[in-house]
Every structure is written in structure tokens, then in C-alpha cells.
Amino acid sequence: MPPLPVQRRLETGPDGYEYEVRAIPAARANKIYRCPGCDHEIRAGTAHVVVWQAELGESAVEDRRHWHTPCWSNRATRGPTRRWS
């Protein structure tokens, strides 16, 4: 079975930076990550988004952060945890 395509988009954040946002479907979520929005685990098999500043480009692997989708969507009303900085 071929891998599922990754949906990507650019978003301008409340901080004025442009972010690359990629939706990770549950079928491709193979690792556990910690969401910087809520500081809880994103378990393997959970759909989520991976985000980084667009100006850093594709090679910015160390700057990518995995967020629960609702945490990313509501980040303007809820500050990131200390792990995001």
C-alpha cells in the first residue's frame, strides 16, 4: 500500500511569522511526541500537525514541532509551554 500523501499549507501566525504546517494522518504517526501547546504526549497513531517557520526551509528538522491539531489551531488564545522556546 503506498504511503498517504501529506497535506501542507502556509499560515501566518499571530507573531507575524509564516509557518509551514503539515497534517500528519494517524496512519503515518509512528512515534510519540510532546505537544508544545499543552505539554502532553501525542501518542503513536494520533493524527496531528508538524510545524516550523517557513523561512527556515525543509532542512530545519531540529526546529520542527509536533502539535495536537486543536492546540495549534488555538495557540493564539493559549501560550506555548516552555518546551516550545
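This note goes through the sheet, the salt bridges, the cores and a few single residues of the structure above.

1. **Basis.** The model is predicted: local features need pLDDT of at least 70, side-chain atom pairs count only at pLDDT 80 or more, and totals for chains, interfaces and linings use all residues. Residues are numbered from 1 along each chain as its sequence is written, and side-chain values use heavy atoms, with hydrogens and water left out.

2. **Sheet.** Four strands make an open sheet, in the order E1-E2-E5-E6, with antiparallel pairing. E1 and E6 are the edge strands; each has a single partner strand, so one side of each has no neighbour in the sheet. From one strand to the next, the twist averages 30°. Angles run from 0 to 180 degrees between N-to-C directions, and axes are lines fitted to C-alpha atoms, for helices over the stretch in contact. Strands (E, at least two residues) and helices (H or I, at least four) are DSSP runs, numbered from the N terminus. Two strands count as paired if DSSP finds at least two bridges between them.

3. **E1 and E2.** E1 covers residues 7–12 and E2 covers residues 18–24; six bridges pair them in the antiparallel sense. Thr12 stands opposite Glu18 in E2. The hairpin of E1 and E2 has five residues between the strands. There, Gly16 takes a positive phi near 90°.

4. **E2 and E5.** Strand E5 spans residues 48–53 and runs antiparallel to E2, joined to it by six bridges. Ile24 has His48 in E5 as its bridge partner.

5. **Salt bridges across the chain.** The count is three salt bridges, with a side-chain nitrogen of Lys or Arg required within 4 Å of a carboxyl oxygen of Asp or Glu. Arg9 bridges to Glu11, with the closest N and O atoms 2.8 Å apart. Glu11 also meets Arg75 in a salt bridge, at 3.5 Å from N to O. That pair links distant parts of the chain: Glu11 is in strand E1, Arg75 is in the segment after helix H1 (69–73), and 64 residues separate them. How exposed or buried are the two arginines? Arg9 is partly exposed, because its relative accessibility is 36%; Arg75 is buried, because its relative accessible area is 17%. Buried means under 20% relative accessible area, exposed over 50%, partly exposed in between (1.4 Å probe, protein chains only).

6. **The Arg22 pair.** Arg22 is found in strand E2. The side chains of Arg22 and Glu20 form a salt bridge of 3.2 Å, N to O. Arg22 counts as buried because its relative accessibility is 15%. Glu20 is buried too, because its relative accessible area is 9%. Elsewhere, salt bridges that share partners join Arg9, Glu11 and Arg75 into one network.

7. **Nonpolar cores.** A nonpolar core is a set of buried Ala, Val, Leu, Ile, Met, Phe, Trp, Tyr and Cys residues joined through side-chain atoms within 4.5 Å. The largest core has ten residues, among them Tyr19, Val21, Ile42, Val51, Trp67 and Trp72. E2, E5 and H1 are the elements that give two or more residues to this core. A second, separate core has five residues, including Ala29, Val50, Trp52 and Ala60.

8. **Ile42.** Leaving out residues up to four places away in sequence, Ile42 touches Lys31, Ile32, Tyr33, Cys35, His48, His66, Trp67 and His68. Contact means heavy atoms within 4.5 Å.

9. **His66.** His66 is in strand E6 (residues 65–67). His66 counts as buried because its relative accessibility is 15%. Which side chain does His66 join in a polar contact of 2.9 Å? The partner is His48. A polar contact is a pair of N or O atoms within 3.5 Å; within protein, one must be able to donate a hydrogen and the other to accept it, and residues adjacent in sequence count only if both atoms are side-chain atoms. Beyond four places in sequence, the contacts of His66 include Tyr33, Arg34, Cys35, Pro36 and Val50.

10. **Ala29.** Ala29 sits in the loop between E2 and strand E3 (33–34). Ala29 is buried because its relative accessible area is 4%. Ala29 and Gly45 are 16 residues apart in sequence, yet 5.0 Å apart in space, C-alpha to C-alpha. Not counting residues up to four places away in sequence, Ala29 touches Ile24, Ala44, Gly45, Thr46 and His48.
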